[in-house]
Amino acid sequence: MAFKPLHDRVLVRRVESEETTAGGLIIPDSAKEKPQEGEIIAVGDGARDDDGDRIAPDVSAGDRVLFGKWSGTEITLDGEELLIMKESDILGVIA
C-alpha cells in the first residue's frame, strides 16, 4: 500500500469484534457495533509546535489502540476499509 498520512494523522485498521458472547450466544451482524479497537498501519511525521519544530508521534505502526466511537474518517484503500484519524483521537495504546 502506497499511502502515508500527513502531519499528526494515523491510518488504522479496525480489529474485528467477537462473534459470540462469553455465554456462547452468537451476535448477529445487525446487532454488532463497529469495533473501537484497531491496529495502526501508518503514521505521519508529526505535528509542528509554535516554533516550527516537529513533535514526534507517540504511536507507531503495529500498535493496537483504542479510539472514540465517532473518531476518524472511513476510507477504502486497495479494497480494504480503513480509518484516518488525528493522533489526538486515540484514547490509548493496548499493551
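# Salt bridges and a buried glutamate

Q: Which residue forms a salt bridge with E74?
A: E74 pairs with R14, their closest N and O atoms being 3.4 Å apart. A salt bridge here is a side-chain nitrogen of Lys or Arg within 4 Å of a carboxyl oxygen of Asp or Glu.

Q: Where in the chain are those two?
A: E74 is in strand 6 (residues 73-77) and R14 in strand 1, 60 residues apart. Strands are DSSP runs (E, at least two residues), numbered from the N terminus.

Q: What kind of model is this?
A: It is a predicted model, where local features need pLDDT of at least 70 and side-chain atom pairs count only at pLDDT 80 or more, while totals for chains, interfaces and linings use all residues. Residues are numbered from 1 along each chain as its sequence is written, and side-chain values use heavy atoms, with hydrogens and water left out.

Q: How many salt bridges are there by this rule?
A: Six.

Q: Which residue does D8 meet in a salt bridge?
A: K86, at 3.6 Å from N to O. D8 sits in the segment before strand 1 (9-14) and K86 in strand 7, 78 residues apart.

Q: Is D8 buried or exposed?
A: D8 is buried, at 18% relative accessibility. Buried means under 20% relative accessible area, exposed over 50%, and partly exposed in between (1.4 Å probe, protein chains only).

Q: New topic: where is E87?
A: E87 is in the loop between strand 7 (80-86) and strand 8 (90-94).

Q: What does the side chain of E87 reach?
A: The backbone nitrogen of D58, at 2.5 Å. E87 is buried and has no salt bridge.

Notes
Helices (H or I, at least four residues) and strands (E, at least two) are DSSP runs, numbered from the N terminus. Lys and Arg count as positive and Asp and Glu as negative; His and the chain ends are not counted. A polar contact is a pair of N or O atoms within 3.5 Å; within protein, one must be able to donate a hydrogen and the other to accept it, and residues adjacent in sequence count only if both atoms are side-chain atoms.
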